[in-house]
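Subject: Structure handover

Hello,

Here is the structure you were waiting for. My notes on what was found in it follow below.

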Amino acid sequence: MFPLEYSLTPFWHTSLLVAGAVALLLLLALIGGAVRYIPNDRLGVLEKLWSFRGSISDGFIALKGEAGFQPEALRGGFHFFVPFQYRVHRVPLVSIPQGQIGYVYARDGFALAPEQTLASNETASDFEDLRGFLQKGGQKGPQRKVLREGVYAINLAQFVVLTAARNYAVALSPNDNELFTRTAAIIGARHGFEPIVIKDEQDVIGVVTVHDGPALREGEIIAPSVGGETADPNFHNNFQNPEAFLRAGGYRGRQHQVLVDGSYYINRLFATVELVQKTIIDVGTVGVVVSYTGASGVDVSGVDYRHGELVAPGCRGVWSKPLLPGKYAFNTYAGKIITVPTTNFVLKWTADSTGPHRLDENLSEIGLITKDAFEPLMPLSVVVHIDYMKAPLVVQRFGDVKRLVEQTLDPMVSAYFKNIGQTKTLIQLLQERADIQSRSSEEMRAKFAAYSLDLQEVLIGTPRADKERGASAIELILTQLRERQIAVEKVETYRLQEAAAAQERSLREKQAIAEQQASITASSLAIQLRENEGKARLAQTRQEAETIQVTAKANAERARLEGLGEADRIRAIGFADAEKIKAIGLAQAEATEKQVEAYGGPQYQLNSTVLLRFAEAIENGKLPLVPGIVVGGGDGRANGGGLVEMLLAMLVSEKEQARKGLPQP
């Protein structure tokens with residue numbers, strides 16, 4: 001047993017020695033920093049404590065392995081070093097939240113030029129590559145480039161990153177944190193950790209003031225716009241790229257270019273932004289632009305206009321073309337817009353009333369001295385219109401419309417009506433107001449046109465007394481006029497009363513007549529009825545007469561026409577019948593002549609013919625040869641015999657006469 005124990009004793013002794021040596025080495029490694037662990041969410045900044053290459057002779061970062069802060073940082077994991085040679089500063093990764101901006105300050109690099117405010121990042125802009133940043137000419141101090149959203153592995157011994165939440169840096173001295181906190185406060189006061197957001201509903205624009213770059217030329221107050229077009233190789237995208245802005249020839253100072261609606265990530269140490277209201281030209285007005293910047297323009301007002309120069313838009317001076325109603329992103333530091341009304345506006349020469357435009361707030365009634373030495377005050381209103389194309393002429397000549405009213409129109413109008421007042425008495429001034437108003441409108445129109453104004457109408461109020469100078473005399477005149485008018489009204493009243501009395505008398509007569517109106521009405525109606533009946537008959541008779549006349553004329557015309565036709569027919573037939581009758585007659589005459597000779601003469605032939613006709617008549621009429629009743633006379637002779645007896649008597653008489661040789665009847 002003892003030999004075994006004796007054999008094991010050296011083994012355990014050796015193990016203990018080895019373990020002790022290892023533990024001693026581990027302890028030395030931990031104490032000397034030979035092994036270091038870096039979490040993945042952090043970064044290790046190396047500080048070399050000693051080096052065979054000595055210390056840094058220039059700068060702050062050891063680029064050649066000298067003792068000091070090393071440009072390369074350690075990422076997550078285990079790292080092994082020579083004991084007691086390095087110090088590792090564990091720092092967090094730089095995190096920029098969404099929608100925020102981080103600012104970078106470099107401790108080492110080339111010094112800034114005298115005209116520089118911020119370090120240039122034209123050639124050195126990668127803050128995660130410290131060695132490349134310094135070798136490419138990176139400058140120390142606050143940088144123009146800013147950090148946008150994201151996580152960055154930045155060596156915080158060289159760079160200090162300022163954010164809204166915290167400051168990222170390796171503290172080198174006790175007052176470092178105070179210095180960076182003060183810088184962060186300046187940025188925070190400018191809202192520099194957030195982008196510039198311009199919303200449409202706010203109706204604002206951003207006026208930019210650049211704090212870096214070359215100074216403006218002498219005589220300039222506004223830096224001209226540069227690099228504003230996307231096709232420009234130096235397009236700086238609304239001051240978000242400072243290096244492109246400076247390459248394009250940008251100047252420090254207030255810029256002519258403005259920011260409109262949108263979001264802009266601008267380094268507030270490079271440029272600050274002031275929000276101003278958009279320029280709104282209301283309907284019924286135009287805006288005349290007076291530009292403080294731009295090239296010297298050519299006068300376009302014409303040779304006859306000797307009150308100043310008008311230039312084309314974009315040049316320095318008064319623009320010849322006004323701005324029409326609308327919203328404009330106009331830089332009010334680069335110029336001024338003077339609003340000119342283009343609708344009819346009223347200027348009131350009254351102390352207690354002004355128009356909404358307040359152009360007449362300093363006007364008052366015009367004091368007159370009349371022909372009869374009264375001193376009334378005349379209120380006056382003038383309706384004026386300004387042609388929108390003539391608005392620049394008005395502004396160039398007078399500065400603005402209010403100055404035109406107070407320094408030109410007021411003395412001109414006052415002098416005109418003072419002159420009129422001296423030619424009129426107070427009563428004439430009151431009674432001839434309409435004529436004065438009409439004449440003044442015509443005469444003053446030419447005077448207003450000389451000032452590029454269109455006079456529409458002059459309206460004159462009632463002159464009144466000046467209370468400060470005493471109103472007794474004017475009131476006395478007015479009292480007399482009122483009494484005179486009252487007397488006139490009384491005369492008119494009496495006349496009307498007289499007419500009323502006569503009317504009343506007539507009324508009473510009519511009332512008396514009205515009491516007998518029933519009988520009067522009945523008789524009047526009867527008379528009127530008879531008159532109407534007579535008129536009706538007369539009208540009917542006239543109508544019938546006219547009908548008869550028309551009918552007769554028509555019948556006569558028809559008869560005349562028928563007669564003409566019938567006459568023509570009869571004439572034709574007559575000619576034919578005449579020839580026929582002529583032939584027959586000649587034959588009958590010859591036969592009759594023979595018969596007469598046979599009967600013993602013409603008389604006997606006539607009597608024979610008559611008797612023959614009577615016989616035919618008796619036969620055809622069935623007449624009795626002897627009358628049914630014979631009425632006799634007192635002598636016993638018949639008053640009338642038969643027809644035959646009468647004929648026989650005639651024959652006997654003729655025979656007797658023939659026998660005696662008497663002439664035949």
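Arg464 is partly exposed, with a relative accessible area of 36% (buried means under 20% relative accessible area, exposed over 50%, and partly exposed in between, with a 1.4 Å probe and protein chains only). The side chain of Arg464 meets that of Glu365 in a salt bridge, 3.1 Å from N to O; a salt bridge here is a side-chain nitrogen of Lys or Arg within 4 Å of a carboxyl oxygen of Asp or Glu. Glu365 lies in the loop between strand 23 and strand 24 (366–367) and Arg464 in strand 28 (residues 464–465), so the pair ties together parts that are 99 residues apart in sequence.

Before the rest, two notes on the source. This is a predicted model, in which local features need pLDDT of at least 70 and side-chain atom pairs count only at pLDDT 80 or more, while totals for chains, interfaces and linings use all residues. Residues are numbered from 1 along each chain as its sequence is written, and side-chain values use heavy atoms, with hydrogens and water left out.

Other salt bridges

The structure holds 21 salt bridges. One of them joins the side chains of Glu72 and Arg131, at 2.9 Å from N to O. This pair links distant parts of the chain, with Glu72 in strand 3 and Arg131 in helix 2, 59 residues apart. Helices (H or I, at least four residues) and strands (E, at least two) are DSSP runs, numbered from the N terminus. Glu72 is partly exposed at 41% relative accessibility, and Arg131 is partly exposed at 24%.

Lys424 forms a salt bridge with Glu432, and their closest N and O atoms are 2.9 Å apart. Lys424 counts as buried at 16% relative accessibility, whereas Glu432 is partly exposed at 26%. Salt bridges that share partners also join Arg144, Asp212, Glu243 and Arg252 into one network.

Two members of that network, Arg144 and Asp212, are touched by Gln116, which also touches Gln139, not counting residues up to four places away in sequence. Contact means heavy atoms within 4.5 Å. Gln116 is found in the loop between strand 7 (102–106) and helix 2 (130–135) and is buried, with a relative accessible area of 18%.

Overall figures

The protein has twelve helices and 28 strands. Of its 665 residues, 33% count as buried. Among contacts with a separation of 6 or more, 73% are between residues 24 or more positions apart. The accessible surface comes to about 40,600 Å², and 57% of it belongs to carbon and sulfur atoms (areas come from the Shrake-Rupley method with a 1.4 Å probe; for residues, only the protein chains shown count as cover).

Nonpolar cores

The largest nonpolar core has 40 residues, and those with the most contacts inside it are Leu380, Val413, Phe417 and Phe448. Such a core is a set of buried Ala, Val, Leu, Ile, Met, Phe, Trp, Tyr and Cys residues joined through side-chain atoms within 4.5 Å. Elements that give two or more residues to this core include strand 26 (380–385), helix 6 (401–421) and helix 8 (433–449). Helix 6 gives the most, with nine residues. Leaving out residues up to four places away in sequence, Phe417 touches residues including Leu380, Ile436, Met444 and Val458. A second, separate core of 26 residues includes Leu118, Phe180, Phe193 and Val208.

Aromatic pairs

There are twelve aromatic pairs in the structure. Rings of Phe, Tyr and Trp (its six-membered ring) pair if their centres lie within 6.5 Å; planes under 30 degrees apart count as stacked, over 60 as edge-to-face and the rest as tilted. Phe127 and Phe133 form a tilted pair, 6.0 Å centre to centre with 55° between the planes. Phe127 is buried at 4% relative accessibility, and so is Phe133 at 2%. Ring pairs link these two and Phe159 into a cluster.

Surface

Leu49, Trp50, Phe52, Val82 and Phe84 form a nonpolar surface patch with about 550 Å² of accessible area together. Patches are made of residues with over 30% relative accessible area and no salt bridge: like charges are joined within 9 Å, nonpolar side chains (Val, Leu, Ile, Met, Phe, Trp, Tyr) within 5 Å. Val82 sits in the loop between strand 4 (77–80) and strand 5 (86–92) and is partly exposed at 43%.

Regards
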